[in-house]
Amino acid sequence: MGQAGDASARLRDALGTAEVVAAEDTRRARNLAASLGVQIAGRVVSYYDHVETARTPQLIEAVAEGKTVLLITDAGMPSVSDPGYTVVRACVDAGLPVTCLPGPSAVTTALALSALPAERFCFDGFAPRKPGARRSWLTELISQPRTTVFFESPHRLADTLQIAAEVLGPDRRAAVCRELTKTHEEVRRGTLGELAGWAAGGVRGEITVVIEGAEAGSGEPDVATLAAAAEELAAGGMRLKDACAQVCEGLGVSRREVYQAVLDRRS
């Protein structure tokens, strides 16, 4: 959530009445409450990636005692590339009630603003950090008919868009959404080639990328593209045969053909 004005009445009420508020960042939680004119009456505890496992039993115990535990994250929907899955899963396993107070989500907001087909889409979390793994992942999208949404670091955005243009083609449509629902919200729409050129100048903020799905009957991915992805994975330490198998998985392309293409590239 970028603006306090997007907070629902249910969230305001929960912040003021919950016995326990589990926050990804306790300072941001208190700032949020202050901006909403709400006084947090319950106990505020930190709940972020590195303490999820250790802190979850305490939260479950509180729920079992009949207390209301409110989980909030800094700038996203809990459980969607943010803390939350662990405690929700634990509640369900323990037969305890759990619900969601719906709010803004960068995934669906970006999808709506992208001007790309939204009837069918997939969300892939954050793009892989390592170049080889990133190229391999993008290769999987060559024949993916669904629109794909993912998060990316502003420092890696230009490289990711450049690789995407190489793998998916420079004419595949996409949108880069920056600082959604915040003061400096910006949406750039265009082809991957155009967006890669724009991002090369540097981009700041929280980034959500939307890429158009493949056209029906677009055919099998190019073997040379798969070979390049496999070679990058192999350069990162993976056995070449395993790398070829990974980039070919689910694409209907012979891994032997890709393996031979890598050998041909090296000769």
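**Chatting through a predicted model**

Q: Hi! Let's start with Lys 67: what is its relative accessible area?
A: Lys 67 comes out at 38%, so it counts as partly exposed. The scale runs like this: buried is under 20% relative accessible area, exposed is over 50%, and partly exposed lies in between, with a 1.4 Å probe and protein chains only.

Q: Before we go on, what kind of model is this?
A: It is a predicted model, in which local features need pLDDT of at least 70 and side-chain atom pairs count only at pLDDT 80 or more, while totals for chains, interfaces and linings use all residues. Residues are numbered from 1 along each chain as its sequence is written, and side-chain values use heavy atoms, leaving out hydrogens and water.

Q: Thanks. Which residue does Lys 67 form a salt bridge with?
A: Glu 65, with the closest N and O atoms 3.6 Å apart. A salt bridge here is a side-chain nitrogen of Lys or Arg within 4 Å of a carboxyl oxygen of Asp or Glu.

Q: And how many salt bridges does the structure hold?
A: The structure holds 15. Among them is the one between Arg 188 and Glu 186, where the closest N and O atoms are 3.1 Å apart. Arg 188 is partly exposed at 36% relative accessible area, and Glu 186 is partly exposed at 24%. Asp 242 also forms one with Arg 239, at 3.2 Å between the closest N and O atoms. Asp 242 is partly exposed at 37%, whereas Arg 239 is exposed at 53%.

Q: Which residues do salt bridges with shared partners join into one network?
A: Arg 135, Glu 166 and Glu 232.

Q: Changing topic: how is the chain divided into domains?
A: There are domain 1 (4-94), domain 2 (108-211) and domain 3 (223-266). Those bounds come from an automatic or database domain assignment.

Q: What separates the centres of domain 2 and domain 3?
A: The centres, taken over C-alpha atoms, are 24 Å apart. As for touching, 10 residues of domain 2 are in contact with nine residues of domain 3, where contact means heavy atoms within 4.5 Å.

Q: What area is buried between domain 2 and domain 3?
A: About 760 Å², with carbon and sulfur atoms giving 62% of it. Buried area is the accessible area (1.4 Å probe) that two parts lose on being put together, summed over both. Arg 135, Ser 136 and Thr 139 supply 52% of what domain 2 buries against domain 3, more than any other three residues.

Q: How many salt bridges are there between domain 2 and domain 3?
A: The count is one. On the residue level, the side chains of Glu 232 and Arg 135 meet in a salt bridge at 2.5 Å, N to O. Helix α6 gives the largest share of the side of domain 2 that touches domain 3, six residues. Helices (H or I, at least four residues) and strands (E, at least two) are DSSP runs, numbered from the N terminus.

Q: Now Glu 152: buried or exposed?
A: Glu 152 is buried, with a relative accessible area of 2%. Glu 152 sits in strand β5 (residues 147-152).

Q: Which residues in the largest nonpolar core touch the most other members?
A: Leu 138, Leu 157, Leu 161, Leu 168, Leu 192, Val 209 and Ile 211, out of 23 residues. Helix α7 gives the most to this core, with seven residues. A nonpolar core is a set of buried Ala, Val, Leu, Ile, Met, Phe, Trp, Tyr and Cys residues joined through side-chain atoms within 4.5 Å.

Q: Last one: where is Phe 126?
A: Phe 126 lies in strand β4 (residues 121-126) and is partly exposed at 48% relative accessible area. Leaving aside neighbours within four places in sequence, Phe 126 is in contact with Ser 81, Phe 151 and Glu 152.
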